[in-house]
Amino acid sequence: MSVLTRDEAQTRAELLDVHRYTIELDLTSGDDTFGSRTAIRFSARADGDTFVEVKPAELRSVTLDGQPLDPEALDGNRLPLKNLTAGEHELRVHAHMRYSRTGEGMHRFTDPTDGETYVYTQLFLDDVQRVFAAFDQPDLKAVFELSVKAPEGWTVLANGITEHTGNGLWQAAPTPLISTYLVAVAAGPWHSVRTEHRGLPFGIHCRRSLAPYLDTDADELFEITRQCYDRYHEKFAEPYPFDSYDQAFVPEFNAGAMENPGLVTFRDEFVYRSAVTDTERQTRAMVIAHEMAHMWFGDLVTLKWWDDIWLNESFAEYMGYQTLTEATRFTDTWTDFGVARKSWGYDADQRPSTHPVAPEAVDDTASALLNFDGISYAKGASALRQLVAWLGEKDFLAGINTHFARHKFANATLADFIDNLASATERDVHAWADAWLRTTGVDTLTPRVAPGEHGTCALTVDRAGSRPHRIAAGLYDRDLGDDGGHLVLRERLHLDLPQTAPHPIGKRPALLLLNDGDLTYAKVRFDPESFETVRKDLSGLPEPLTRAVVWNALRDAVRDGELAPAAYLETARAHLPLETDLAIVQGVLAFASTHIADRYVTPEERPAALATLSELCRDLIRRTEDGDNPGLRLIAVRHRIDVAAHPDTIAAWLADGTVPGGPELDPELRWRVLARLAVLGATDETAIAAELDRDPSATGQEGAARCRAALPDPDAKARAWEAMFASDELSNYLFTATAAGFWQPEQADLVREYVPRYYTDAVAVAERRGPAIAGAVGRDAFPAHAVDTDNLRLGEECLRDADPVPALRRKLIDQLDDLSRALRVQGTRTDQEPQNT
């Protein structure tokens, strides 16, 4: 299959105007394929040749202006359209298309709970051609008019309001001008809850087996949706541009959500079957806010080509967090962003695969797909937060509203956006964009405190990097009250970097914290006295966001080899039991377990690391015995299970169906315990099968796949490997679940023979099954536990000699860089505090 290049897209856009698609889909023709009929009305500005994209199981017929074209002319995914004359044309394409099990195109899923079947589209980035023929590029916007024939008892959802006209036929209202990748259909026996807000129909939908769980949260989901909708209408002059707002929670979804106009699709793990923390509810709310922001950023005004994807994702990310903070009960979302999202951006920006937020050029769609990463989301959102701090929100919103007014229902570029921002301010936005959006890497800010006269000090900030920053520097003194251990904010200095002169700060503070408030995107270091305060009094800092900045600095110091992993664990052991913010507890425990215990300590040191984490979790469980903080207790229980080195305690929990003092083990916790018991060799296939009988849901199927792959048995490993790499039967979710169970640090000797096999088999399955599985192969199935030079060498040889597809190549580059970093960190043993570098 050919990928579309930027040059080809520009040439086609110069030749064509696309007016309307009329699409007929028949979902009643069997389990493997569906019928697709497309009529495309377009005009050519001049005589010339072009092509239309389609990926059929069978191309039945094609006509251009009533004259038949040869279906055999289809070359891969391109059907040539030769000798076009200037003027109006109509292309008709009849095809049978394949359903997908990988979350691409038209995904088909049968619910193991009740046997009901659902289908839905995911057409991003260039998968529309798996569903109907299209001129598949974002700047050829058109009106889409869709009809669907569905089995009796199904409901069909689409971008516009749908109407059942009888005999299983559904008609969707024509869309405004939108891009091909934003067309959406979701069909099946949905459970739906509907309401109306400001005259606009709102709906939420899920598969029937999840109906009780959706109903439980329906009021919360609608409240968040209304609050965000109203807040965006206060911010944006352009009203919501579509005729309805449906949110469908769909199975086996590859992303968190997709911003289809009028029909946002979400992964249905957001319909909670088991207990969750309030931070997890906040994350779901943020995704709702993020996707709604896309109705303006991306759907109303769309990028012209994929090099400007940040105009979609960075803005939706920033607006999602900011609007949630302003309009909902989740008023502390930037702490979660700092802990859970910025680290994603920092990590991505320090790998060889880094790229600017706004790259100069993205040559083709395969390259574009690789840029949906921590840079386009987290770094871009951080850059926008810094821009608002520098520009002021009033001018920022004025520029945005100018952008919407000039480009609504059309396409825009970075240059357009910067010009529109510049029209609202006297500041040099073009220079800001060059410094922030066209560069790569993370700046590092280090404080230098110099003594002055009469016990005073002056602050100089060393900047390793080139970007301008507007930051706050927090000066904290020790509280000399009765209980001690608390830090009190003396002052926040507002600094513009680079500095022109040292800044007087008076008496030496106990802690000097750069980027207090987390308004910029940079790594920060501590001077020696401040680091000593952090080690002793971190939990005494008064604000969660301040503590998040400190924890991120410690995390970065470990990754950079400036702080021993054991020192991080000691700090966590001392201060996390006193932490009140759930996002911080979750973030610190996740880094400590998945990075430090699993990768950054040697196999000989791993038992001690697990013991420290287990003791820490026990402390948190004891602290929550009174039931006042069930979210904190749930986090502690989850991680206590994950780091268990011996099976007795968690096996007793499973047998009793509860943790002493609570919580009771719901399906998520039961599968989590069973997975850990499988790793430890303390369960078997009989127990897994019994648990699956107890929970035969899709989530249960994934839990069983993970447990079976985790069993320390050669035959179990061989079956799991066969399922992942030799067979194409696993869906995207079952592949990921199997991969999650396969590699375990405790089983390094057992799976050693599979490490070299990975590189051969991964290349083959990625080529065979496409980008979604290629990404999962590189992300989830990589032998990350094998922190050794042999694994590194094998990976480098694969990149050099085996020519993996782009999606797998990018993941391998990242994984091998992380592997190299882990090897370096394992050599860090003596430095117990960060160095000022």
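Okay, let's start at a turn. Strands β12 and β13 make a hairpin with two residues between them, and N167, in that turn, has a positive phi of about 60°. Before I go on, keep in mind that this is a predicted model.

So what does the pairing look like here? β12, residues 162-166, runs antiparallel to β13, with four bridges between the two. H164 is the residue that stands opposite W170 in β13. There's another partner as well: β10, residues 143-149, is joined to β13 by three bridges, again antiparallel. Over there, S147 sits opposite Q171.

Now, which face of β13 is covered? That would be W170 and A172, while L169 and Q171 make up the uncovered face.

Let's move to β9, residues 117-122, where things look rather unlike that. Six of its six residues are buried, so this strand is largely enclosed by the rest of the structure. T117, V119 and T121 point one way, Y118, Y120 and Q122 point the other way, and all are buried.

And who are the neighbours of β9? Strand β8, residues 105-110, pairs with β9 in the antiparallel sense over six bridges. In that pairing T110 stands opposite T117. These two strands form a hairpin too, with six residues between them, and there G115 has a positive phi near 80°. Then there's β14, residues 185-188, which runs antiparallel to β9 and is joined to it by two bridges. V119 has A187 in β14 as its bridge partner.

Last topic: rings. The structure holds 52 aromatic pairs. Let me show you one of them: the ring centres of F725 and F735 are 6.3 Å apart and the planes are at 80°, so this pair is edge-to-face. F725 belongs to helix α21, residues 714-726, and F735 to helix α22, residues 732-742, with the two 10 residues apart. Are these two buried or exposed? Both F725 and F735 are buried.

The charged end of R12 sits over the ring of F51, at 4.6 Å from its centre. Likewise, R467 lies over the face of W436, 5.4 Å from the ring centre.

Key:
Residues are numbered from 1 along each chain as its sequence is written. This is a predicted model: local features need pLDDT of at least 70, side-chain atom pairs count only at pLDDT 80 or more; totals for chains, interfaces and linings use all residues. Side-chain values use heavy atoms; hydrogens and water are left out. Rings of Phe, Tyr and Trp (its six-membered ring) pair if their centres lie within 6.5 Å; planes under 30 degrees apart count as stacked, over 60 as edge-to-face and the rest as tilted. Buried means under 20% relative accessible area, exposed over 50%, partly exposed in between (1.4 Å probe, protein chains only). A charge sits over a ring if NZ of Lys or CZ of Arg is within 6 Å of the ring centre and within 35 degrees of the ring normal. Two strands pair if DSSP finds at least two bridges between them.
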